[in-house]
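Let's take a walk through a protein model together. Have a look at the sequence and the 3D view below, and then we'll go from one place to the next.

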Amino acid sequence: MREFPLTLSQFIIQSQAAYPGATGEFSSLLTQIGLVGKLIAQDLRRAGLMNILGTTGGTNVQGETVKKLDAIANDDFVRVFQASGYVCALASEEMEKPVLLPGNWPHGKYMLLVDPLDGSSNTDNNMPLGAIFSVLKYDRTDRLPTEAELICRGTEQVAAGYLLYGSSTMLVYTVGQGVYGFTLEPGIGEYLLSHERIRIPEKGTVYAANEGNYCRWSEGTKKYLDSLKVNDKATGRPYSGRYSGCLVADVHRLLLGGGIYLYPGKVDKPEGKLRLLYEANPLAFIVEQAGGKASTGTSRILEVEAKKLHQRVPLFIGSRHDVEQAEMYIQGRA
Ligand code: AHG
Ligand code: MN
Ligand code: MN
């Protein structure tokens with residue numbers, strides 16, 4: 001018989017067989033994430049031929065320019081999850097407040113936080129893009145969740161993952177039992193298991209950072225970056241610089257090949273740029289599950305106290321050794 005990789009749904013059904021209480025709802029939720037991925041990938045494939053490049057003319061709650069594709073991706077998440085029934089609240093980078101989905105409650109036991117389109121400065125030049133998702137459980141049946149109930153530490157996540165729209169479309173996720181990657185086979189419209197139990201190398205030789213901000217970084221961050229450029233064959237230095245402008249694509253590269261992504265705070269903006277709840281936390285969950293590390297420079301991302309839906313956080317993420325080195329410089333121990 002012909003060898004054929006497992007589809008996403010087959011894989012989840014098989015994994016759930018290990019959990020006697022599993023209802024299959026989580027597998028359906030992931031299938032819906034996959035559906036959003038297919039919708040966006042379809043738009044991206046022909047973006048230059050349709051009127052969906054450029055900006056909407058508006059700004060989001062973070063004061064950032066909204067690209068047409070940001071708005072389309074956000075609408076896709078809302079529409080798909082409004083219709084699917086598994087999620088009772090959805091928060092997004094593009095919406096000031098979470099959307100409650102009363103029609104899905106109380107049977108929809110999950111809450112979802114998303115960056116619907118990551119790397120949106122890449123939309124107009126055919127560069128990689130992504131989406132990031134974080135899944136929380138909601139067990140109450142007496143009322144819908146409040147905004148405060150979506151604002152949790154990363155350790156509360158029950159699942160997390162990303163969609164990567166690169167030369168192929170991928171869905172990578174974890175439920176806390178390792179990291180699995182699926183590649184969309186466009187011919188049959190199915191995600192097929194392509195990357196089983198992803199493990200990030202202990203140390204890499206690549207760094208990803210927007211070095212244009214160097215003059216605004218702290219002395220520790222500058223020293224760390226400088227240290228990567230030293231000529232020392234034994235430690236693999238100088239490291240190679242690889243920065244795509246899309247966090248998902250950069251983290252995906254590190255997950256497979258090792259190294260570090262950093263978006264540090266600046267002297268006048270110590271909280272950094274990236275958002276804790278739907279960028280840093282889900283990627284930290286993935287990278288930790290693959291054996292890597294994610295830090296603010298001083299503490300573990302997954303333990304950062306979350307106070308606001310759109311809270312920002314400095315991020316150092318990747319191979320364990322590389323993140324630990326960065327922490328040493330930032331904390332003045334190197
Ligand atoms: P988003 O498109 O969701 O706003 O995220 C952009 C993020 C991230 O993907 C990327 O690594 C970083 O911001 C790029 O920022 P700079 O342009 O400041 O380098
Ligand atoms: Mn983003
Ligand atoms: Mn975004």
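This is a predicted model: local features need pLDDT of at least 70, side-chain atom pairs count only at pLDDT 80 or more; totals for chains, interfaces and linings use all residues.

Start with the two manganese ions, ligand 3 and ligand 2: they lie 3.8 Å apart, and Asp-115 bridges them. Residues are numbered from 1 along each chain as its sequence is written, chains are lettered from A and ligands numbered from 1 in the order in which they are written, and side-chain values use heavy atoms, with hydrogens and water left out.

Who else holds the manganese ion that is ligand 3? Its protein donors are Glu-93 (OE), Asp-115 (OD) and Leu-117 (O), at 2.1 to 2.2 Å from the ion. (Donors are N, O and S atoms within 2.8 Å of the metal, or 3.2 Å for Na, K and Ca; water is not among the atoms, so sites may look incomplete.) Along the sequence, these donor residues are spaced E-x21-D-x1-L. Asp-115 counts as buried, at 0% relative accessibility, and Leu-117 counts as buried too, at 2%. (Buried means under 20% relative accessible area, exposed over 50%, and partly exposed in between, with a 1.4 Å probe and protein chains only.)

Now hop over to the manganese ion that is ligand 2. Asp-115 (OD) turns up again here, along with Asp-118 (OD) and Glu-279 (OE), and these protein donors lie 1.9 to 2.2 Å from the ion. The spacing along the chain is D-x2-D-x160-E. Asp-118 sits in strand 5 (residues 110-118) and Glu-279 in helix 6 (residues 276-289), so this pair ties together parts that are 161 residues apart in sequence. (Helices, H or I with at least four residues, and strands, E with at least two, are DSSP runs numbered from the N terminus.) Asp-118 is buried at 4% relative accessibility, and Glu-279 is buried at 2%.

Next up is ligand 1. It has 18 residues around it, and the ones that come nearest are Asp-118, Asn-210, Tyr-243, Tyr-261 and Tyr-263. (A residue is near a molecule or strand if one of its heavy atoms lies within 4 Å of it.) An oxygen atom of ligand 1 is 2.6 Å from a side-chain N or O atom of Tyr-243. For Tyr-261, an oxygen atom of the ligand is 2.7 Å from an N or O atom in the side chain, and for Glu-279 that distance is 3.5 Å. The protein covers 86% of the 470 Å² of accessible area that ligand 1 has on its own. (Accessible areas come from the Shrake-Rupley method with a 1.4 Å probe; for residues, only the protein chains shown count as cover.)

Where does this shell come from? Strand 5 gives the largest share, three residues, and strand 5 and strand 13 (260-263) each supply at least two. Domain 1 (8-195) and domain 2 (206-330) each provide at least three residues. (The domain bounds come from an automatic or database domain assignment.)

Among the buried ones are Leu-247, Val-248 and His-252.

Another glycine to find is Gly-272, in the loop between strand 13 and helix 6. Gly-272 counts as buried at 4% relative accessibility. Pro-314 is 42 residues from Gly-272 in sequence, yet their C-alpha atoms are 4.6 Å apart in space.

Let's finish in some other loops. The peptide bond from Trp-105 to Pro-106 is cis, with omega near 15°, and Pro-106 is in the loop between strand 4 (99-100) and strand 5. Arg-237 and Pro-238 are also joined by a cis peptide bond, with omega about 0°. Asn-126 isn't a glycine, but its phi is positive, near 60°; Asn-126 is exposed, at 76% relative accessible area. Arg-197 also has a positive phi without being a glycine, about 45°, and Arg-197 is partly exposed, at 47%.

Key
A polar contact is a pair of N or O atoms within 3.5 Å; within protein, one must be able to donate a hydrogen and the other to accept it, and residues adjacent in sequence count only if both atoms are side-chain atoms.
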